[in-house]
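Here is a walk through one protein model, one side chain at a time. Keep the structure open as you read, and click along.

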Amino acid sequence: MEKQHTEPLILVIPELPPSNNRFIGRDARWEYQEEKRRWELLIRAALGRYKPSAPFKRAEVSIRYWFPDKRRRDPDNYSGKMLLDGLTRAGVIADDSFQAIRLELLGGWDPEQPRTEILIRPLSDLPGEA
């Protein structure tokens with residue numbers, strides 16, 4: 001039987017993912033796939049030597065983007081898709097569906113150190129599940 005994680009995991013990536021607007025409505029499929037692979041590698045690097053023995057089966061994933069300026073940005077343009085896919089492929093979370101993930105997106109401002117912080121906390125149950 002796989003051991004379920006009980007401690008939160010925090011990953012810090014010293015950059016920001018591209019806005020979804022960079023790819024939507026453009027013929028940028030290959031560029032998108034390349035950027036998605038790059039973010040998977042950034043997630044693996046942020047894990048360092050820590051490799052979960054088993055992925056989180058259910059988790060709350062909180063993504064906080066620390067932007068370099070106070071320019072207005074929409075959360076839907078930073079949906080976390082590349083990050084959740086990277087967490088799944090890196091074996092941190094088992095699945096990124098609604099049945100497995102509760103997602104929180106936050107934005108902040110840090111002109112000195114723009115970055116992406118990902119907090120993963122285990123959940124025993126998600127609302128709406130039997």
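Let's start at Glu40, which lies in helix α1, residues 29-47. Helices here are DSSP runs of H or I with at least four residues, strands are E runs of at least two, and both are numbered from the N terminus. Before going further: this is a predicted model, where local features need pLDDT of at least 70 and side-chain atom pairs count only at pLDDT 80 or more, while totals for chains, interfaces and linings use all residues. Residues are numbered from 1 along each chain as its sequence is written, and side-chain values use heavy atoms, leaving out hydrogens and water.

Is Glu40 buried or exposed? Glu40 is buried, because its relative accessible area is 11% and the cut-off for buried is under 20% (exposed is over 50%, partly exposed in between, with a 1.4 Å probe and protein chains only). What does the Glu40 side chain make a polar contact with? The partner is the side chain of Arg89, at 2.8 Å. A polar contact here is a pair of N or O atoms within 3.5 Å; within protein, one must be able to donate a hydrogen and the other to accept it, and residues adjacent in sequence count only if both atoms are side-chain atoms. Leaving aside residues up to four places away in sequence, Glu40 touches Gly86 and Arg89, with contact meaning heavy atoms within 4.5 Å.

Now for the rings. Rings of Phe, Tyr and Trp (its six-membered ring) pair if their centres lie within 6.5 Å; planes under 30 degrees apart are stacked, over 60 edge-to-face, and the rest tilted. By this rule there are three aromatic pairs. In one of them, Tyr65 and Tyr78 have ring centres 5.4 Å apart and planes at 55°, so the pair is tilted. That pair links distant parts of the chain: Tyr65 sits in strand β2 (residues 59-67) and Tyr78 in the loop between β2 and α2 (81-89), 13 residues apart. Both Tyr65 and Tyr78 are buried. Phe67 and Tyr78 make an edge-to-face pair, because their planes are at 70°, with centres 5.2 Å apart. Phe67, also in strand β2, is eleven residues from Tyr78. Ring pairs link Tyr65, Phe67 and Tyr78 into a cluster.

Elsewhere, the charged end of Lys70 sits over the ring of Trp109, 4.2 Å from its centre. That calls for NZ of Lys or CZ of Arg within 6 Å of the ring centre and within 35 degrees of the ring normal.
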